[in-house]
Amino acid sequence: MAYEAELAAGLEAVRAAARVCRSVQRRLVTAETLEKRDKSPVTVADFASQAIVCQRLEVAFGDDLLVGEEGSAELREGAQAGLRDAVVREVAGEVAGAPGAESVLGWIDRGAADGTTARYWTLDPIDGTKGFLRGEQYAVALGLLEDGEVKLGLLGCPNLPDEQGVTGALFAAVRGGGARAYAMWDDGDSAGQPVRVSDITDPGDARFCESVESGHSNQDEAARIARELGITREPFRIDSQCKYASVARADASIYLRMPTRADYREKIWDHAAGMIVVQEAGGRVTDVNGDELDFGHGRTLERNRGIVATCGPIHDRVIEVVRAVRGAGRERS
Ligand code: AMP
Ligand code: MG
């Protein structure tokens with residue numbers, strides 16, 4: 001199978017990062033941090049997750065570049081010694097040889113590529129930071145791009161129930177090879193189970209998912225679109241690329257991400273892994289205009305606006321309604 005070595009390395013890397021994220025969320029996200037809106041737990045886990053994934057990829061594919069969400073500049077500031085030490089401690093639990101601060105900062109900096117080379121990885125070490133801080137859903141999202149095309153995607157969802165009801169599910173897809181769900185916490189599961197989108201053909205039967213955060217997706221517009229499509233079920237609000245996972249495994253049939261600001265550009269690490277998982281599970285992913293996502297412009301999806309992912313057959317109808325509702329919105333304002 002194509003990309004077999006990349007898939008194996010990716011599974012190992014995402015599992016190691018997810019173990020640290022789960023442990024930090026359990027230990028450091030408390031009623032007190034929630035009340036104080038203290039973001040430090042996610043900051044520690046975010047940097048540790050990126051360091052671990054970059055370290056694993058350095059071992060397996062030393063020449064590959066990575067476009068990560070995080071840079072080490074903040075951690076290098078003298079005032080951040082406490083944060084830096086906390087990150088190094090978390091990373092040391094997953095990397096042999098008691099790595100020091102310079103090694104850890106070096107791994108984080110491996111994620112500083114700009115996405116202009118033919119082949120590179122992209123990583124969101126914790127997608128859905130707000131969900132993480134609420135003790136809810138988040139994802140470790142890793143994608144591999146070649147010549148502007150996503151070839152491999154992995155979505156670690158440490159809080160999402162799996163098929164057996166165990167908490168944590170890991171999805172991966174190779175272009176042309178289908179999408180599979182793997183045990184999140186069992187390194188021995190290298191086979192996984194196929195996942196498939198829902199088979200509904202009437203958009204009115206859909207359950208749609210969207211961001212919990214109204215600042216990330218226009219929920220009023222999504223509600224108008226749902227009404228127009230004949231959807232009566234409440235929106236399924238869930239943080240992170242768990243939305244793509246939900247469409248891929250038929251927990252939902254539509255993911256709407258409606259732009260809230262004209263100048264916002266979606267980030268490649270927020271969509272590369274999720275997109276290929278849905279596509280390989282049989283679904284479709286475009287932007288709100290019905291255009292394919294164009295990964296050929298570095299760190300952002302410069303040419304796209306918002307996201308629409310569906311189980312497939314309903315996609316054209318959903319886009320038609322999205323365009324009509326957005327057009328009407330523009331006339332009103
Ligand atoms: P979600 O969990 O779906 O709410 O998405 C989280 C992601 O939203 C973060 O990783 C950010 O990169 C991204 N984000 C931040 N601001 C915006 C915005 N104004 N519109 C869309 N996405 C955003
Ligand atoms: Mg993100």
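1. M275 sits in helix α10, residues 272-280 (helices are DSSP runs of H or I with at least four residues, strands runs of E with at least two, numbered from the N terminus). Before going on: this is a predicted model, where local features need pLDDT of at least 70 and side-chain atom pairs count only at pLDDT 80 or more, while totals for chains, interfaces and linings use all residues. Residues are numbered from 1 along each chain as its sequence is written, chains are lettered from A and ligands numbered from 1 in the order written, and side-chain values use heavy atoms, with hydrogens and water left out.

2. M275 counts as buried because its relative accessibility is 5% (buried is under 20%, exposed over 50%, partly exposed in between, 1.4 Å probe, protein chains only). Beyond neighbours within four places in sequence, M275 has contacts that include V150, Y244 and F295 (heavy atoms within 4.5 Å).

3. On to the metal: D124, D127 and D270 coordinate the magnesium ion (ligand 2) through OD atoms at 2.0 to 2.2 Å. Donors here are N, O and S atoms within 2.8 Å of the metal (3.2 Å for Na, K and Ca); water is not among the atoms, so sites may look incomplete. D127 in strand β2 and D270 in the loop between β10 and α10 are 143 residues apart.

4. D127 is buried because its relative accessibility is 9%, and D270 is buried because its value is 13%.
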